[in-house]
Structure formats: structure tokens, C-alpha cells
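Dear colleague,

Please find the structure below for your review. My findings follow directly after it.

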Amino acid sequence: MKKQIVTPERMAKLSACLEVNKQKKGGLMPVLNESQKIFGCIPAEIQKVISKELGIPMAEIYGVITFYHQFSIEPKGDYIISVCMGTACYVKDAQKLVDEVTAELGIHHNETTPDYKFTLMATRCVGACGLAPVVIVNNREKGDDVFGRLTVKGGEMKEIIAKY
């Protein structure tokens, strides 16, 4: 089941964003940020539209997208499960949380479930070391939920996944 990324409604939002940023110096970053929010990724089809409208070569746009971690050319799930792998979280068994998500959803780091509901990401330090280990579940429309002091023994990851 392939996720429908480009829809007329989403293209209208992109067009409005392009119109606002067309003449601005440095307008590419706001357009890419908004595109990521609108589509959940920035595939080649969208890059071509941005290139044409802003007059920026595709190679430059692709270079920016692949340089910054927040951008993706592949669709992500509706919910992104980010497991902090910073030192404090890692020593408090964050890898076991990753393993539990992998076992529960059948996906590994940087993979998305076939129904596009979940994407698993192992991230660097999120700055919540006092809550180690930390998992953040992000929904681009609803924001972030932060879960801390998790344990595999408590079955908390299964509960978190079930919540979504």
C-alpha cells in the first residue's frame, strides 16, 4: 500500500508557501521546512516544483535536503518514534528499547512500517538526560510526546505503541 503524498490540497498549500517566499533572499529554507510539514517528505516531484518556482537548481535543493537531518526524501510514518541514543540513555539500555520497537513493529532504524503509521529513528542526545532513557513520539500535526525513565521490563514501549 503506497502512501498518497501529493494531493491537490497539499499542492495548494505548497503554492501559497512558494508565493510568500519567491522573492525573499534565503526563501529556500522556509519552503523546504513547510514542504516537509505538508508532505511528510520532499520527493523529487516536489523538488522540481520548488526548483522551477524559486529558480534554484535541483542539485542545490537536493544538497540542502540531504545535508539537514530534519528533511527526508522518503515518506515517514504518521508517528516517528525517536529513541535517544545519547550517552545517558545508552547506558540506561536505550538499545533494548530500540530492540523492543523492532520486535513489536518489524522495522529497524530509519525504516517505516508498510502502512506508514510508524517510523523508527535512533537519535543523538535530546537533552533530557535526567529522564534517561528517553523516547519521543512525534506527529507532525500534533507535536511531540516525551516519555522518560522507560524500562523494557515494564512493557512501556508496547503501551506507547498501542497508544498511537
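How far is the sulfur of C84 from the closest cysteine sulfur? The closest one belongs to C89, at 3.5 Å, which is too far for a bond. C84 is buried, with a relative accessible area of 2% (buried means under 20% relative accessible area, exposed over 50%, partly exposed in between, with a 1.4 Å probe and protein chains only). The sulfur of C125 lies 4.0 Å from that of C129, its closest cysteine sulfur, again too far for a bond, and C125 is partly exposed at 47%. The structure holds zero disulfides, a disulfide being a pair of cysteine sulfur atoms within 2.5 Å.

Please note that this is a predicted model, in which local features need pLDDT of at least 70, side-chain atom pairs count only at pLDDT 80 or more, and totals for chains, interfaces and linings use all residues. Residues are numbered from 1 along each chain as its sequence is written, and side-chain values use heavy atoms, with hydrogens and water left out.

I161 lies in helix α7 (residues 156-163), where helices are DSSP runs of H or I with at least four residues, and strands are runs of E with at least two, numbered from the N terminus. I161 counts as buried, at 9% relative accessibility. Leaving aside residues up to four places away in sequence, I161 touches I81, V101, E104, L105 and F118 (contact means heavy atoms within 4.5 Å). The C-alpha atoms of I161 and A59 are separated by 38 Å, the two residues being 102 residues apart along the chain.

Kind regards
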